[in-house]
Amino acid sequence: MGQDHIRYDILAQDALRGVIRKVLAEVAATGHLPGDHHFFITFLTGAPGVRVSQHLRAKYPEQMTIVVQHQFWDLKVSETGFEIGLSFSDTPEKLVIPFNAIRGFYDPSVNFELEFDVAAGEEDESEPAEITAYPVGETDDAPEASAEKTGEEQKSGGSVVSLDSFRKKN
């Protein structure tokens, strides 16, 4: 197999993060989520550019899942990330999350889920990034994911789509 000089894995990851960017930008523009949509967003708390309070970083030293549903404020979306106001145990917090720090995005109202393999430190450019998408579907093949912040279990129905399935094997 030839060398992938185009880096389709990185292009696909950027495109899927663009879905998250577009959805959050629409919510920011309207100030509310449409219909029953709400989001679980899992991100690495130690990733470059992430800004959370010391209290939250101590409680979630590796990764954290936030729920964007009824009570959020000051959602601002840029090309590289977003900032949002959320309440944790009745304490208002402002979080800044780069899109590159996101490990998972899940909208349980339509069983749509994206997962990204994100390295906590510098990414090894020699290893291709894995991307898994759990689109809406009739089957129940997708694995369960847990929400670290809420302790709730999430179940997505749909088939798993992985970039590895499209790669040629040696």
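## Exercises on a predicted model

Asp9 sits in helix α1. The model is predicted.

**Exercise 1.** Decide whether Asp9 is buried or exposed, and find which side chain it joins in a polar contact.

*Solution.* 
- Step 1. Take the relative accessibility of Asp9, which is 5%.
- Step 2. Apply the cut-off: buried means under 20%. Asp9 therefore counts as buried.
- Step 3. Look for a side-chain partner. Arg7 joins Asp9 through a polar contact of 2.8 Å.

**Exercise 2.** Work out how strand β4 is placed among its partner strands.

*Solution.* 
- Step 1. Locate the strand. β4 covers residues 81-88.
- Step 2. Check burial. Seven of its eight residues are buried, so β4 is largely enclosed by the rest of the structure.
- Step 3. Take β3, residues 73-77. Its pairing with β4 is antiparallel, over three bridges. Three residues link the two strands in a hairpin.
- Step 4. Take β5, residues 91-98. Here β4 pairs in the antiparallel sense over eight bridges. Gly81 has Pro98 as its bridge partner in β5.
- Step 5. Inspect the turn between β4 and β5. This hairpin has two residues between its strands, and Ser89 in the turn shows a positive phi of about 50 degrees.

**Exercise 3.** Trace the salt bridges of Glu83.

*Solution.* 
- Step 1. Glu83 in β4 is the bridge partner of Lys76.
- Step 2. Glu83 forms a salt bridge with Lys94, with the closest N and O atoms 3.3 Å apart. Glu83 belongs to β4 and Lys94 to β5, so this pair ties together parts 11 residues apart in sequence.
- Step 3. Glu83 is buried at 19%. Lys76 is partly exposed at 49%, and Lys94 is partly exposed at 49%.
- Step 4. Lys76, Glu83 and Lys94 are linked in a salt-bridge network.

Technical notes
Residues are numbered from 1 along each chain as its sequence is written. This is a predicted model: local features need pLDDT of at least 70, side-chain atom pairs count only at pLDDT 80 or more; totals for chains, interfaces and linings use all residues. Side-chain values use heavy atoms; hydrogens and water are left out. Buried means under 20% relative accessible area, exposed over 50%, partly exposed in between (1.4 Å probe, protein chains only). Helices (H or I, at least four residues) and strands (E, at least two) are DSSP runs, numbered from the N terminus. Two strands pair if DSSP finds at least two bridges between them. A polar contact is a pair of N or O atoms within 3.5 Å; within protein, one must be able to donate a hydrogen and the other to accept it, and residues adjacent in sequence count only if both atoms are side-chain atoms. A salt bridge is a side-chain nitrogen of Lys or Arg within 4 Å of a carboxyl oxygen of Asp or Glu.
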